[in-house]
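Hi,

Here is the structure we talked about, ready for you to open. My notes on it follow just below.

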Amino acid sequence: MTAWTRRHVLATADWSRDEIELVLQQGEAMLEVLARPIRRTPALRGRTVVLFFQEASTRTRISFELAAKALSADTTMITASGSSIEKGETLLDTVRTLEALGAEIVVMRHSAAGAAQFVADRIASAVINAGDGWHAHPTQGLLDALTLRTALGALEGRRVVIVGDVLHSRVARSDIHTLVPLGAEITLSGPPTLVPSAWRCGQLPAGVRYEEDADRALDGADAVIALRLQRERMEAGLLPSLREYAMAWGLTEARVARMRPGAPVLHPGPMNEGIEIDAAVAHGPRSLIERQVTNGVAVRMALLHLLAGTPAAEAAA
């Protein structure tokens, strides 16, 4: 098995397939821990994990908190609201204060792309990027890979459609960087205004293609990942009406029926039901959205103990 050598988890764009496989194997071991009556292991007892979320979050924040607690780590939550950031303290001063208070691993979400890298370059603590602007959300990409692999088996040659607001989506970028090395073929679909212009014009990453028409994109697909419309990041004029968007790119029962029988449906959440995805699809037999949440805890447990230097077998014992 590949040895873990990374000090931080900032993005998976430069990860090897072996590194991705290692995290997924560790995540599978952590799923066994989460299936026990007492979902707790002492692997990180005495270690301190600080959750620093400058940007609002529910699933990711709680998932990391549960992951750290399941490993018996001491955890502290810091948000921009109510912290010294409101008094003008800089990002760097804040994280240096957290480090001085004993933070060994800092999990951070920030609205600025590159914020996690900026911090990682300047402190001794390990840093996990829980989402930075449009740039990356590496743990989401890893949990999506784990979810798809447990549903489909090996991802070699599997065609995964990512549909929606690709332009503003750090999830889409991290899914591409994680799934393509595992052998998946990615088809992007969405309004041309919500796809990076270079990608729309054919300058796509290896293993990725763009198909504007959602029906054609989904024909025979092995899985689909619907993206949230990030209206808070959009400029005016990028989107047709929500009704038109739902008609052309929303995941309806009729549209997902074009995929292979039983092909799974994923969504990183939060969902805009009736726009990106119909309720019947989000809560139907194809949906793995709740499983994504559970797998998110397992993957984040795996990364925390890898960064802490704890072998997976010991952590799950």
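Where does the largest cavity lie relative to domain 1 (17-136 + 293-316) and domain 2 (138-292)? Both domains give residues to its lining, so the cavity lies between them. (The domain bounds come from an automatic or database domain assignment.)

Before the rest, some ground rules. This is a predicted model, where local features need pLDDT of at least 70 and side-chain atom pairs count only at pLDDT 80 or more, while totals for chains, interfaces and linings use all residues. Residues are numbered from 1 along each chain as its sequence is written, and side-chain values use heavy atoms, with hydrogens and water left out.

**The cavity**

The count is 1 cavity of 30 Å³ or more, and the largest cavity holds about 120 Å³ of space. A cavity here is a set of points, on a 1 Å grid over the protein atoms alone, where a 1.4 Å probe fits but cannot get out; lining residues have an atom within 4 Å of a point. Grid points are joined across faces, edges and corners, and the volume is the space filled by probe spheres set on them.

Helices H2 (59-70), H5 (138-152) and H12 (289-307) each supply at least two lining residues, with H12 giving the most, 4 residues. (Helices, H or I of at least four residues, and strands, E of at least two, are DSSP runs numbered from the N terminus.) Among the lining residues are Arg59, Gln140, His267 and Arg300. By class, the lining has 4 nonpolar, 5 polar and 2 charged residues; Ala, Val, Leu, Ile, Met, Phe, Trp, Tyr, Cys and Pro count as nonpolar, Asp, Glu, Lys and Arg as charged, and the others, Gly among them, as polar.

Threonine 178 is in helix H6 (residues 170-179) and counts as buried because its relative accessibility is 0%. (Buried is under 20% relative accessible area, exposed over 50%, partly exposed in between, with a 1.4 Å probe and protein chains only.) Not counting residues up to four places away in sequence, threonine 178 touches Thr12, Ile20, Gly141, Leu142 and Ala145; contact means heavy atoms within 4.5 Å.

Ile20 is also one of the buried residues of H1. Helix H1 (residues 17-34) has 18 residues and reaches 25 Å from first C-alpha to last, close to the 26 Å expected, which is 1.5 Å times one less than its number of residues.

Valine 50, in strand E1 (residues 48-53), is buried too, at 4% relative accessible area. Its contacts beyond four places in sequence include Thr76, Ile78 and Leu98.

Cheers

Notes
On a 1 Å grid over the protein atoms alone, a cavity is a set of points where a 1.4 Å probe fits but cannot get out, and a pocket is an open set with protein on both sides within 12 Å along at least five of seven lines; lining residues have an atom within 4 Å of a point.
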